[in-house]
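Let's take a walk through this structure together.

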Amino acid sequence: MIGLIKNEWLKLFNNKKFYWFLLLLLIIYLFPVFMTFVVRMSTFNGQVYPLTLFGVITSLVMPLFLIVLVAEIVTEDYLSGNLSLTIIQPVTRVQVLTAKVFFLFQVILFLLLLCLLLGYGVGTFIYGWGSEFMLRGKTYSQLTGIQLTVMSYVSASLPLLAFSLLNMFIAIIVPSAAAVVGISAGIFFFSTIISLLVDIGPILINTYFNTLPFILDYYSGQSLAPGLFVISFGLIFYLLTLFIFIRKDMVL
Amino acid sequence: MGNTVLEISQVEKSFGKHKVLHNVSLKVVKGQVFGFLGPNGAGKTTLIRVILGLIRPDKGTIHIDGFNLQTNFRQAIEHVGAVVETPKFYPHLSAYQNLLLVRNLHRNLPKSRIPEVLEIAGLSARAHDKVGTYSLGMKQRLGIARALLNYPKLVFLDEPMNGLDPQGIIEVRSLIHQLQHQGISLFITSHLLHEVEQVCDQIAIIKNGSILTQGSLTELLRSDLEVVEIYTKDLLETHHALADVAFVHKCTITPSFLLVELDRGSTEQLIRFLVKRNLHLQYLIPRKHSLEEFFMELAYEGSIS
């Protein structure tokens, strides 16, 4: 299984798209700085800067990147015949699929931690660390501020992974990478819009990408129900994908 | 089972209502080069995919090196190498990296094996170039290198000569002989029947998903009759003379020679007969029953003239 995960990283690090995405992340994190100089107004400091961009990163940028990544590591891999090559090695199909899930989880965590460091780095370098951590009109201690920020970033990995598992399910049944991206992006945008119009947020995975409100709720003693929903959502799509993948005839 | 590296027993497979493999049974023993022939769409690649675990059979069993593929997949596939159809690679990775992807999936396979197989395939100089820049022939050779990476006992080569220039074909042919001498069994499909004839010692012919025949090439090509071409200035006279000879079954006149079918072992007798009758015999060419003829007779029986 470790060999399978290593292979996914080897492929990712040799993929130009990945480096373009990293560049995009840097641009996104520099964008507010640029705006500060344009409008000559700044309410940031290094402590709050990472959370300023957290919503955009987890609710828009990361899901779109993951849609493309899943289409590439599942559908594209199958269509190019390379998935078949993996399957004829001494590894089981369960291991092949599970390794892809672990890889996705590692990529998500890696990118989120990179964003976190980028946020702290850019924010502190430009605005200084600052004297207080103020969030939604409330002041927290510096330590609590760091805890809230780190927990928000790290916990976002779970809903993003659950969303990737939905994409993986689509990727295993749709025989075209472009169609997988189209369908997954369609579902993503449609559920984002529908959640604004109808009050069905709790049953949409998009609702959970921005984990900050849930972390704040958890801090004020709320239940772990959102976490259970996210885990169940991911597990269902993992099992469905596995069920199809094990039975799939690899004709390419 | 001892010497058998591959045993396929009563394998059947359907895609929807279309049955693509009917009760297929085959056996390949150690060090054997097994030619698997059939017209397009006969089920050759499907059977290879079934053997490699890419397609699930509806019925039947497959044993590789004594391990049941369905119940002991990892052990069964551990020492199998394969090039199925056109070998596929990640074009943005180098040849070395593409082989590293396979090496990473085998326990106890040293990294030093990668340059070894690249050397065998004659690709050492281009090992770190992206595969996207390779010609079809180089990809074919890299595919063979990849199939040899895990010290295989059984190698599947699906159309291994595809895309190779004459020099490449000679190299692959010699590589096949080399591997056979090392005790590696090869399972080869090819449309180049004269190539199969040169490298294989056993063959099976499949048509519409059923095995039409299988056995040793020498046995299958052996016939009860011998065929010879007789070159003579007296075509008509010779034809007339052979009409009533007991051991001659058929004599056909062509513009430049007589094509004669006679009892096996009667060629010497035929020469003596012609000399005795003072017929002007220039020379005589024994005609070998080729695999190509055998294949055409069997696979296209009744469909071509």
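**Inside chain B**

F36(B) stands opposite A204(B), a residue of β9(B) (strands, E, at least two residues, and helices, H or I, at least four, are DSSP runs numbered from the N terminus). This is a predicted model, in which local features need pLDDT of at least 70 and side-chain atom pairs pLDDT 80 or more, while totals for chains, interfaces and linings use all residues. Residues are numbered from 1 along each chain as its sequence is written, chains are lettered from A in the order written, and side-chain values use heavy atoms, without hydrogens and water.

β9(B) pairs with strand β3 (residues 33-37) of chain B in the parallel sense, over four bridges; pairing takes at least two DSSP bridges. With strand β10 (residues 210-216) of chain B, β9(B) pairs in the antiparallel sense over six bridges, and there Q202(B) has S216(B) as its bridge partner. β9(B) and β10(B) make a hairpin with two residues between them, and N208(B) in the turn has a positive phi of about 50 degrees. Why is β9(B) largely enclosed by the rest of the structure? Because five of its six residues are buried (under 20% relative accessible area, 1.4 Å probe, protein chains only).

**Across to chain A**

Now for the neighbour: 26 residues of chain B are in contact with 30 residues of chain A, contact meaning heavy atoms within 4.5 Å. There's one salt bridge between the two chains (a Lys or Arg side-chain nitrogen within 4 Å of an Asp or Glu carboxyl oxygen). K13(B) and D249(A) form a salt bridge through their side chains, at 2.9 Å, N to O.

Definitions and conventions:
Buried means under 20% relative accessible area, exposed over 50%, partly exposed in between (1.4 Å probe, protein chains only).
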